[in-house]
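Let me put the structure up, and then I'll walk you through a few spots.

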Amino acid sequence: MSAATTRSRTARTPVPDRLCAEAVDLARAAAEEAAAPGVVGEHVAVVSEGDRVVTHFFECKEPGYRGWRWAVTVARASRAKNVTLDETVLLPGSDALLAPEWVPWSERLRPGDMGPGDLLPTEADDIRLEPGYTGEDEPPPNSAVSEVSQELADLVDAEDAELTTRPATTSRGSIAAVADELGMRRARVLSRYGLHAAADRWDEAFGAKTPMAQAAPASCVTCAFLVPLAGSLRQAFGVCANEFGPADGRVVSLSYGCGGHSEAAVMPKPPKPAPHALDTVQVDEYPLRPARDSGSVPAEADAPTEDLGHS
């Protein structure tokens with residue numbers, strides 16, 4: 001058992017060839033030729049790669065490559081005395097500074113990274129999307145609806161017979177053509193998964209669990225600045241239209257709230273000022289002399305006066 005274990009270890013890690021292990025100067029010259037003089041440091045290790053194949057490792061003194069090592073592999077042919085150069089590479093060591101693992105752009109992209117002119121392609125099998133119109137709601141070929149649709153299509157084609165060339169469009173009278181006329185047809189629409197993912201994202205940003213909503217005097221469901229959404233999202237979300245609120249123009253949950261609630265603190269009406277006591281518009285007339293009959297003493301005596309003998 002012990003002999004088998006020894007043979008197994010010897011087969012996995014052969015003893016370095018003596019001539020290859022002694023070719024340190026040849027390996028250093030090759031490393032300096034690949035790098036630059038003074039960049040290759042001390043000889044640190046010798047590793048056997050196979051029969052008469054050895055790799056010499058040298059320290060790398062290049063700034064920015066701390067922990068990296070120059071690896072020079074040398075070999076010797078069978079029954080030959082000359083050692084030849086195999087390859088020279090720069091390899092990271094156990095404590096080397098390495099760049100982070102490469103991540104695809106679709107996983108590196110974050111909200112807000114797009115700028116003017118940027119294009120964000122979507123995968124054909126994106127789980128957030130589903131076909132907007134698949135033709136599943138087309139009437140059966142022999143139904144009355146399909147016959148009427150065909151008659152309408154023939155009538156339109158007859159009216160447009162004078163046109164020699166027309167762009168390829170959907171068949172006239174079909175449900176898809178009606179959807180095109182109304183501007184409602186889209187190649188793909190949100191799937192249930194995409195709808196739920198968007199709802200979770202909006203609720204996390206502007207939902208009931210945010211610190212702003214916890215300190216709000218009331219929720220957005222009773223706020224006059226809330227603009228409800230259409231469709232099924234109307235039951236849980238709306239758009240904030242308060243320019244002074246923290247979520248202006250954002251999709252908010254009905255359970256969200258802030259201090260800008262329309263009914264949280266209604267300002268009282270200013271008091272109406274009292275009318276002026278002195279009329280400064282109308283001119284009052286005042287006589288320069290009092291009237292003759294305005295005093296308490298009559299201006300003329302009632303009876304003739306007697307002469308009292310005064311000189």
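This is a predicted model: local features need pLDDT of at least 70, side-chain atom pairs count only at pLDDT 80 or more; totals for chains, interfaces and linings use all residues.

So, which residue takes a positive phi in the hairpin of β3 and β4? That's Arg79, with phi near 65 degrees, in a hairpin that has six residues between the strands. Residues are numbered from 1 along each chain as its sequence is written, and side-chain values use heavy atoms, with hydrogens and water left out.

Strands here are DSSP E runs of at least two residues, helices are H or I runs of at least four, and both are numbered from the N terminus. Two strands pair if DSSP finds at least two bridges between them.

Back to β3, residues 68-76. Strand β2 (residues 53-60) runs antiparallel to β3, joined by seven bridges, and β3 is joined to β4 (residues 83-92), also antiparallel, by nine. Look at Ala75: in β3 it is the bridge partner of Val53, and it stands opposite Thr84 in β4. Eight of the nine residues of β3 are buried, so the strand is largely enclosed by the rest of the structure. Buried means under 20% relative accessible area, exposed is over 50%, and partly exposed is in between, with a 1.4 Å probe and protein chains only.

Now the rings. There are three aromatic pairs. Rings of Phe, Tyr and Trp (its six-membered ring) pair if their centres lie within 6.5 Å; planes under 30 degrees apart are stacked, over 60 edge-to-face, and the rest tilted. One of them is Tyr65 with Trp68, edge-to-face at 5.4 Å centre to centre and 80 degrees between the planes. Tyr65 is partly exposed at 36%, while Trp68 counts as buried at 16%.

Then there's Trp202 with Phe237, edge-to-face as well, at 5.7 Å and 80 degrees. Trp202 is in helix α7 (residues 192-205) and Phe237 in strand β8, so this pair ties together parts 35 residues apart in sequence. Phe237 is buried at 6%; Trp202 is partly exposed at 24%.

And where does β8 sit? It's in an open, antiparallel sheet of three strands, ordered β7-β8-β9. The edge strands are β7 (226-228) and β9 (251-253), each pairing on one side only. Three bridges join β8 (residues 237-240) to β9, and Val239 has Val251 as its bridge partner there.
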